[in-house]
Amino acid sequence: MRYRQLGPSGLFVSELCLGTMTFGGSEGIWGQIGQLRQEEADALVKAAVEAGVNFIDTANVYAGGESERILGNAIRNLGLSRDDLVIATKVLGPMGEGPNARGASRKHILDQCKASLERLRIDHIDLYQIHGFDPATPLVETLEALDTLVRHGHVRYIGLSNWAAWQIVKAIGIGEARQLAPILSLQAYYTLAGRDLEREIVPMLKSEGLGLMVWSPLAGGLLSGKYSRADEGASEGRRASFDFPPVNRERGYAVIDAMRPIADAHGVSVAQIALAWLLHQQVVTSVIIGAKRPDQLADNLAAVEVRLSDGELAALDAASALPSEYPGWMLERQGEYRLHMMASAR
């Protein structure tokens, strides 16, 4: 396991992060994603930590707070050192029936931070993330609420999740102008079957130096190795009951076709190739892996040992490349001669 700095900070996190969305679900989408009880979750946390994972991600909305509660109990049950762990959680979604029990308002953020701390049974959250963009709350209000939590010691660092590039840059500008706690990271969907992030967000992350945490690296299980064109329509796996995130199936199968021979050559699973590709991307800080069973987790953890050759990376890139889109193709065309001049001047 290797460790990488999270954005512009001195915080080091493992390149694989344990996701806890499978903890505690009983009904609705959470029941479809995972229904792990305490003992099962303890086993997964133990295995991840023993493999070198120091980064664990959850959210207040996962199973209505039960995921946080189970994670907090696991830390105690296993006797893990709190100082050795980087605990991340998120806030935004509805946690009650009232109109103020959701969103990124100052009230909701402060209330939910307190509730998350109680469920997790810890005295501070290492990375507190806004789970999505709230169009009803001014950015200043959200950022100042997060800054309050940092200054009070309840939160160490702040991040975002599922925001557009322009929203993130605007938030960074407001934060810098008001000298608020800086945004360190973005948690976003990125996978060989869905590289949309590369159009606007990846260039922004590189420009601003933010860290990237990847969620659903296997595209909701599509890249797990269980799916192919041959069994289209089969009713097995998570996608049979919870078909998310949306994926262009034809592009997804083309990626799977490119991954299988590479996986066979390395003697590893298709899932490990999908994870290894992400770990080869310079912009990626940590890839979030979730599991329902110990064998799934063990397989995912082994992806850190897979080294892809330049030829294999090129083959995967060709199979999964995004189609050209404006203004990307125009920016590339108009900037080409300037980049050539820069290279010649070195």
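Biologist: Is the crossing in which α2 passes α10 left-handed or right-handed?

Modeller: A crossing is left-handed if the near helix is turned anticlockwise from the far one by less than a right angle, and right-handed if clockwise. Here α2 passes α10 in a right-handed crossing. This is a predicted model, in which local features need pLDDT of at least 70, side-chain atom pairs count only at pLDDT 80 or more, and totals for chains, interfaces and linings use all residues. Residues are numbered from 1 along each chain as its sequence is written, and side-chain values use heavy atoms, with hydrogens and water left out.

Biologist: At what angle do the axes of α2 and α10 cross?

Modeller: Axes are lines fitted to C-alpha atoms, for helices over the stretch in contact, and angles run from 0 to 180 degrees between N-to-C directions. These two axes come within 10 Å and cross at roughly 20°. That makes α2 roughly parallel to α10 (an angle under 35 degrees).

Biologist: Which residues of α2 and α10 meet?

Modeller: Contact means heavy atoms within 4.5 Å. L44, A47 and A48 of α2 meet P294, L297 and L301 of α10.

Biologist: Which residues of α2 are buried?

Modeller: Buried means under 20% relative accessible area, exposed over 50%, partly exposed in between (1.4 Å probe, protein chains only). In α2, A41, D42, L44, V45 and A48 are buried. Seen down the axis of α2, they fall within an arc of 165° (taken from the directions from the helix axis to the C-beta atoms), so they line one face of the helix. The face turned away from that buried side carries the exposed residues E39 and E50.

Note on methods
Helix = DSSP H or I, 4+ residues; strand = E, 2+ residues; numbered from the N terminus. Parallel < 35°, antiparallel > 145°, perpendicular 65-115°, else oblique.
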